[in-house]
Amino acid sequence: MRLLTHNMLSSNIRGVVNGFPLGIEAEKVVEREVELSAEFLRGVFPKIEWGALVAGARALGHPDLLPGEADASMLASDDFLRRFHRALLQLHVEEGALVCPETGRRFPINKGIPNMLLHEDEV
Amino acid sequence: MPRPELQAPPEIFYNESEARKYTTSSRMIEIQAKISERALELLALPNDGIPRLLLDIGCGSGLSGETLSEHGHHWIGYDISQSMLDVALEREAEGDLLLADMGQGLGLRPGVIDGAISISAVQWLCYADKSSHEPRMRLKAFFGSLYRCLARGARAVLQLYAENMDQSEMIMTYAMRAGFAGGVVVDWPHSSKARKAYLVLTCGPPSVQTSLPKGKGENGELCSDDDESDGEESQTVGIFERNRPRKKFRVNKKGKGREWVLKKKEQMRRKGHAVPPDTKYTARKRKAHF
């Protein structure tokens, strides 16, 4: 699972008001090379919750990869785009868990696939 | 074969052996690729070459996602079957995969997704597989969360095999209730096999943009699919005459003769069967004795 998906995903448990962002417990992180597309990054930037992305990168062991604050003007810089691209699309959580911020429920990640299935009483 | 929906819940039906078919059967792969190509076309993304973030609901082994990746898009795939997702991993699907139940809602932030496709998956929502399942609630949760996560003006194209009119009506009703505009596009409506129904939904109020594209083969255009003429025709062939006279077996008094036997044996040899060698005894008549 990439941080792109993590940034879109929120906890779906019944009664949870603010299920975003999910905490990440990363046990194994891998990096896979992906072609950089500046247009995609510019298009997706307004939809990204920056704070959650920075927190995600920190949880994956890259605390200095991204600046703490970002705005659209920074997209002109190549260095920023590369860092943004690496954090968003190249880092994968292979093993670990996602944690609901409100209830503390853990969603295990196996082989890079988070198990988001809810129990009957959580729907 | 009964419909898979009537046999077992999806997470059970798509077990390892069923999932394996999606890597080995070139026919299945081809059909899936064709449908997802068409779904992407119906999604009508602006033709500017910019990659988008798409959803693939019921992504299974990632065949449909492969089409999305080929067009350069990033995608998030949902599926309920672990076996199918394992196959997707094997095929090195480029999108992110989630093990989740669409009937529990998608759980995405509002307005972040540029489009969604789903190949032969949504009809599963109409079946209650567990005591806690209530199809109407599940349809409502699914379409509600889909509507929320799509950006304004974004489309969702859901290809589905509805069992009957009631079912497709029910699905449509819940899509409309969630706020979607749109309708059904049917490709090849006159063919029982190639017929494919796509639910094309648009986020937001009806406008020029939300007008439905035309289905293929609506005005008698012929379906060029090669797999039209393959072995499974028997399902669609009707019986016209019940008491058709049996074909009479022509019996020649003399039998077929040596030449005919040699020709047949040669044919079988060419096919690779084990055939006894030709000798002077071949096709010789037996003595008439008791």
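Q: In which order do the 4 strands of the open sheet in chain A stand?
A: In this predicted model, local features need pLDDT of at least 70 and side-chain atom pairs count only at pLDDT 80 or more, whereas totals for chains, interfaces and linings use all residues. Residues are numbered from 1 along each chain as its sequence is written, chains are lettered from A and ligands numbered from 1 in the order in which they are written, and side-chain values use heavy atoms, with hydrogens and water left out. Strands are DSSP runs of E with at least two residues and helices runs of H or I with at least four, numbered from the N terminus, and two strands pair if DSSP finds at least two bridges between them. The pairing in this sheet is antiparallel, and the order is β1-β2-β3-β4.

Q: Which strands of chain A are left with one side without a neighbour in the sheet?
A: A strand at the edge of this sheet has a single partner strand, so one of its sides has no neighbour there. In chain A this holds for β1 (23-31) and β4 (113-114).

Q: Where in chain A does Lys111(A), which has a positive phi, lie?
A: Most residues other than glycine have a negative phi. Lys111(A) is not a glycine, yet its phi is positive, at about 50 degrees. Its place is in the loop between β3 and β4 of chain A.

Q: Which strands stand at the edges of the open sheet in chain B?
A: This sheet has 7 strands with mixed pairing, in the order β3-β2-β1-β4-β5-β7-β6. Two of its strands have a single partner strand each, so one side of each lacks a neighbour, and these are β3 (96-99) and β6 (181-187) of chain B.

Q: At about what angle does helix α6(B) run to β5(B)?
A: Helix α6(B) lies across β1 (53-57), β4 (113-119), β5 (150-160) and β7 (196-202) of chain B. Angles run from 0 to 180 degrees between N-to-C directions of lines fitted to C-alpha atoms, for helices over the stretch in contact, where contact means heavy atoms within 4.5 Å. On this scale the angle of α6(B) to β5(B) is about 140 degrees.

Q: Which three residues supply 25% of the area that chain A buries against chain B?
A: The contact takes 29 residues from chain A and 32 residues from chain B. About 2500 Å² is buried between the chains, 59% of it on carbon and sulfur atoms, where buried area is the accessible area (1.4 Å probe) lost on putting two parts together, summed over both. Supplying more of chain A's part than any other three residues are Met8(A), Lys47(A) and Ile113(A).

Q: What volume does the largest cavity have?
A: On a 1 Å grid over the protein atoms alone, a cavity is a set of points where a 1.4 Å probe fits but cannot get out, and its lining residues have an atom within 4 Å of a point. The search of the whole structure finds 1 cavity of 30 Å³ or more, and its lining draws on both chains, including Leu9(A), Asn12(A), Tyr78(B) and Gln104(B). With grid points joined across faces, edges and corners, and volume taken as the space filled by probe spheres set on the points, the largest cavity comes to about 70 Å³.

Terms used. On a 1 Å grid over the protein atoms alone, a cavity is a set of points where a 1.4 Å probe fits but cannot get out, and a pocket is an open set with protein on both sides within 12 Å along at least five of seven lines; lining residues have an atom within 4 Å of a point.
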